[in-house]
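Here is a short briefing on one protein model. Keep the sequence and the 3D view side by side as you read.

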Amino acid sequence: MTPIKVNAKVRIDNTGLRLELPVLVVRGGILKSHLKYLINFRNRSRSWIDRSVFAVKLLLEFWVANQDAIPDPKHMFREFSLSLYTGTIGEEGDDLSGLRWQPRKELDARQLVGHVTHYCDWLAEVNEDGGLCINPKIVPDSVGDRMNLAAYYHRKRNAFLSHLLVNKPANNQRFVRLPLRQVVKNQEAAKSFPENRMGDLLTQGFIRRGYAGSPDLAERLNLRDILITMLMYYGGLRISECFQIWLDDVTVVDGQCIVKVYHPSQGLAPDGKSNRATYLKKHYDLLPRQLYRKGSSFHAGWKGPMLTSSTGQFFVLHWFPLGRVDVSS
């Protein structure tokens, strides 16, 4: 059975809290070990969670397609890792597995292997702590048993999946290593928006349809998109960070606009007492944006920038250059 990803609401205890997490449905039901893994690391970003599910889903698809040809788990993982890099389509266009994978970029393949490695590390540790001893001579008859067996080999072989470790001693090398490719850095200038056209973009590029002739600035221009553009261009924010800003985070001091970008969960709330996760739940019954699944209109990512305030859990935006743009007319 090909694994299927579905979104589910999971209750982990007798409290009213429910987690919305993606789960993998396989033959025999939910892949419980991976669900427990996601519950354990639920404080990670939604992007990290979705990427982990995608990586394990690819592994299971490869396992289903090749279980007769590659019965040995450790070699199955090695071939899976290499197939991410090389693809599964032969020179003549043949692919008996039916996967039809195209070669992935080196960085993408390493990241996917890294997610599978992290899951196997955790599963091996859980099995060992729980006293679960997997006999490698027994042929597993379920997906869960196969993952436990893979974790057994993973621990026995001192972790046979991981990123390419370049500067580590030979005895710490992983069993699977993706090829190291020499990359010549592009010497061309990085692409950027022309500085001398930024004023035109802000005053002419955001005119609302049907309101070009309106004398009212707020009616003529899409001010929301203009402000987001200014935060990104003159403040260096990621677009996802713009959506984490609340009205109270913007103040004017001595004629200068001060913008603070708070951690979406742990940042200090406007009441000056609770964190933002607590404040959102109490007043609006909402979650921090980074905890919503991708595709949700509420979702906005969080890449973990350096926070300059340890008490408030925020960083202050620095404008460059100061006072450059004027869209008052």
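Predicted model: local features only at pLDDT ≥ 70, side-chain atom pairs only at ≥ 80, totals over all residues.

**Helix α10**

- Helix α10 covers residues 276-284.
- R276, Y279 and L280 are buried in this helix.
- Looking down the axis of α10, the buried residues fall within an arc of 95°, so they line one face of the helix.
- D285 follows α10, and its phi is positive, near 55°.

- The whole structure holds 13 salt bridges.
- One of them joins the side chains of R51 and D108, at 2.0 Å from N to O.
- R51 sits in helix α2 (residues 46-66) and D108 in helix α4 (residues 106-129), so the pair ties together parts that are 57 residues apart in sequence.
- R51 has 25% relative accessibility, so R51 counts as partly exposed.
- D108 has a relative accessible area of 18%, and is buried because the cut-off for that label is under 20%.

- R110 pairs with E106 in a salt bridge, and their closest N and O atoms are 2.3 Å apart.
- Both residues belong to helix α4, where R110 and E106 are 4 residues apart, about one turn of the helix.
- Are these two partners buried or exposed? R110 is buried, with a relative accessible area of 16%. E106 also counts as buried, at 13% relative accessibility.

**Other salt bridges**

- R78 forms a salt bridge with E79, and the closest N and O atoms are 3.7 Å apart.
- R78 counts as partly exposed, at 28% relative accessibility.
- E79 also counts as partly exposed, at 28% relative accessibility.

**A nonpolar surface patch**

- M232, I239 and F243 form a nonpolar patch on the surface.
- Together these three residues have about 260 Å² of accessible area.
- M232 lies in helix α8, residues 223-235.
- With 32% relative accessibility, M232 counts as partly exposed.

Definitions and conventions
Residues numbered from 1 in each chain as written. Heavy atoms only, no water. Patch = residues over 30% accessible without salt bridge, like charges linked within 9 Å, V, L, I, M, F, W, Y side chains within 5 Å. Areas by Shrake-Rupley, 256 points an atom, 1.4 Å probe, with all protein chains shown as cover. Salt bridge = Lys/Arg side-chain N within 4 Å of Asp/Glu carboxyl O. Helix = DSSP H or I, 4+ residues; strand = E, 2+ residues; numbered from the N terminus. Buried < 20%, exposed > 50% of the residue type's maximum accessible area, 1.4 Å probe, protein only. Arc of directions from axis to C-beta.
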